[in-house]
Amino acid sequence: MNKKHYTGLIDRYRSILPIAENCKVISLCEGDTPLVQANNLEQVNQRDIKLYLKFEGLNPTGSFKDRGMTVAVTQAVSEGSRAIICASTGNTSASAAAYAARAGIKAFVLIPDGKIAMGKLAQAMMHGATIIQICGNFDDGMRLVKEVAEEAPVSIVNSINPYRLQGQKTAAYEIVEALGRAPDFHCIPVGNAGNISAHWTGYSELAASDGHNVTEACGFCNGECQFISTPIATTKPKMLGYQAAGAAPFMHGKAIDNPETVATAIRIGHPQSWDYAQAAVKESTGWFNSFSDEQILATQKLLSAKEGIFCEPASATSVTGALHDIEKGNIPNGSIVVCTLTGHGLKDPDIAIKQSNTELINIDDAQLDSVKRAILDNL
Ligand code: F0G
């Protein structure tokens, strides 16, 4: 294969990942996602803020989970594991199922009955996972996964698996490479709290290495590829963790039972990476905040309609928070802000169709005149 062809984040970032030299890499060419500047949001332009959207929905299974899964499954296979298991609100199960299929091993996924988006369920089904629906939520599933892994030969690939967070930290590297520096603020939805922790690890490593030499990490060229850059990351962003109001344990300062939100991906009350996420926010002098389902859905629609980017509801939480904090002046004029859009909108078409309020124009023939009238009436 052409050496300049992108072959996934383990090849790209091998030198900063805990991957043994000669192990078989399980990859779907994840990572290298676009960092799109939001050009059309008035709230941002008026205040001279540069707001970038890291569209993680463009990973192979449509969410950021693939970054962690390539590393976790590569490690599991290299340890001889024949089966992986996870609890999931949907995206982890889709990603685990795909990478297990790729590796030729079994995936078991525990999902909350009736509370995962249809696209995610379809993915797990198509990739051949064994799907166990429980009469409980994600937190119940997580407890059961930890218990069952003590007694059955299965490797856990939830973000309590440290290899997951190692893979996910690469998003911070990509952002610093793209901007040539760290952003001032990084806004991110928080559910199980692994991703905010992983990003903080990435940014902290970059700052500690005082201008990490990415040429070194690029293991597949002779110094001539598109990835050559030496990002200067002498600063770290403030980490802003945003939650849905009905599932906001970090706002309550403690775990909650019975979380509820339309953003089913982050319908979590007992985040597993509690301490890491608290540390990320505290060390970066950032903050947590939470927003109503209505606010989150309005932002999802705003991004689709104004920027052409269709993300899932949980993902829109990051931009909901950013716009709120820009409006309030908590994010000062002139700042560089990155929002992670964690998953693709196509994961959850039901919610999108329900909330879009788009009337379909029905014409009861297939004639040019009727179509022309419909267009002229709506110009
Ligand atoms: N956004 C999306 C689309 C997610 O799927 C998740 C987590 C998050 C945000 C929150 O990330 O857990 O690292 O704080 N989804 C997990 C799952 C829980 O099972 O798919 P986090």
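Helix α5 is followed by Gly 128, whose phi is positive, near 85°. The helix spans residues 118-126; helices here are DSSP runs of H or I with at least four residues, strands are runs of E with at least two, and both are numbered from the N terminus. The model is predicted: local features need pLDDT of at least 70 and side-chain atom pairs count only at pLDDT 80 or more, while totals for chains, interfaces and linings use all residues. Residues are numbered from 1 along each chain as its sequence is written, and side-chain values use heavy atoms, with hydrogens and water left out.

The buried residues of α5 are Gly 119, Lys 120, Leu 121, Gln 123 and Ala 124. Buried means under 20% relative accessible area, exposed over 50%, and partly exposed in between, with a 1.4 Å probe and protein chains only. The cover over these α5 residues includes α4 (91-103), β4 (106-112) and β5 (130-134).

Helix α12 (residues 274-283) buries Trp 274, Ala 277, Ala 280 and Val 281. Seen down the axis of α12, the buried residues fall within an arc of 135°, so they line one face of the helix. The arc is taken from the directions from the helix axis to the C-beta atoms. The face turned away from the buried side of α12 carries the exposed residues Asp 275, Tyr 276, Lys 282 and Glu 283. Cover for the buried residues of α12 includes α9 (194-208), β8 (238-244), α11 (249-252) and β9 (287-291). Thr 285, with a positive phi near 50°, follows α12.

Trp 200 lies in helix α9. Trp 200 has a relative accessible area of 7% and is buried. Not counting residues up to four places away in sequence, Trp 200 touches Lys 236, Pro 237, Met 239, Ala 279, Ala 280, Glu 283 and Ser 284; contact means heavy atoms within 4.5 Å. The C-alpha atoms of Trp 200 and Lys 238 are separated by 9.3 Å, although the two residues are 38 residues apart along the chain.

The largest nonpolar core has 32 residues. Such a core is a set of buried Ala, Val, Leu, Ile, Met, Phe, Trp, Tyr and Cys residues joined through side-chain atoms within 4.5 Å. Leu 9, Leu 17, Val 190, Ile 196, Tyr 203, Phe 250 and Phe 288 have the most contacts inside this core. The elements giving two or more residues to the core are α1 (9-13), α8 (170-179), α9, α12 and β10 (336-341). A second, separate core has 30 residues, including Ala 38, Phe 55, Cys 311 and Ala 314. Leaving aside neighbours within four places in sequence, Leu 9 is in contact with Arg 14, Leu 17, Glu 30, Gly 31, Arg 67, Thr 70, Val 71, Gly 167 and Thr 170.

The structure holds 10 salt bridges, each a side-chain nitrogen of Lys or Arg within 4 Å of a carboxyl oxygen of Asp or Glu. One of them joins the side chains of Arg 67 and Glu 56 (2.5 Å, N to O). Arg 67 lies in helix α3 (residues 65-78) and Glu 56 in the loop between β2 (50-55) and α3, so the bridge ties together parts that are 11 residues apart in sequence. Arg 67 is buried, with a relative accessible area of 1%. Glu 56 is also buried, at 1% relative accessibility. A network of salt bridges links Lys 54, Glu 56, Arg 67 and Glu 174.

Asp 140 forms a salt bridge with Arg 143, with the closest N and O atoms 3.7 Å apart. Both residues lie in helix α6 (residues 138-151), three residues apart, about one turn of the helix. Asp 140 is partly exposed at 27%, and Arg 143 is partly exposed at 42%. A further salt bridge connects the side chains of Glu 260 and Arg 267 (2.9 Å, N to O). Glu 260 is partly exposed, with a relative accessible area of 40%, whereas Arg 267 is buried at 9%.

Positive phi values also occur in loops. Cys 29, in the loop between α1 and β1 (35-37), has a phi near 60°. Cys 29 is partly exposed, at 39% relative accessibility. Asn 258, in the loop between α11 and α12, has a phi near 55°. Asn 258 is exposed, at 66% relative accessibility.
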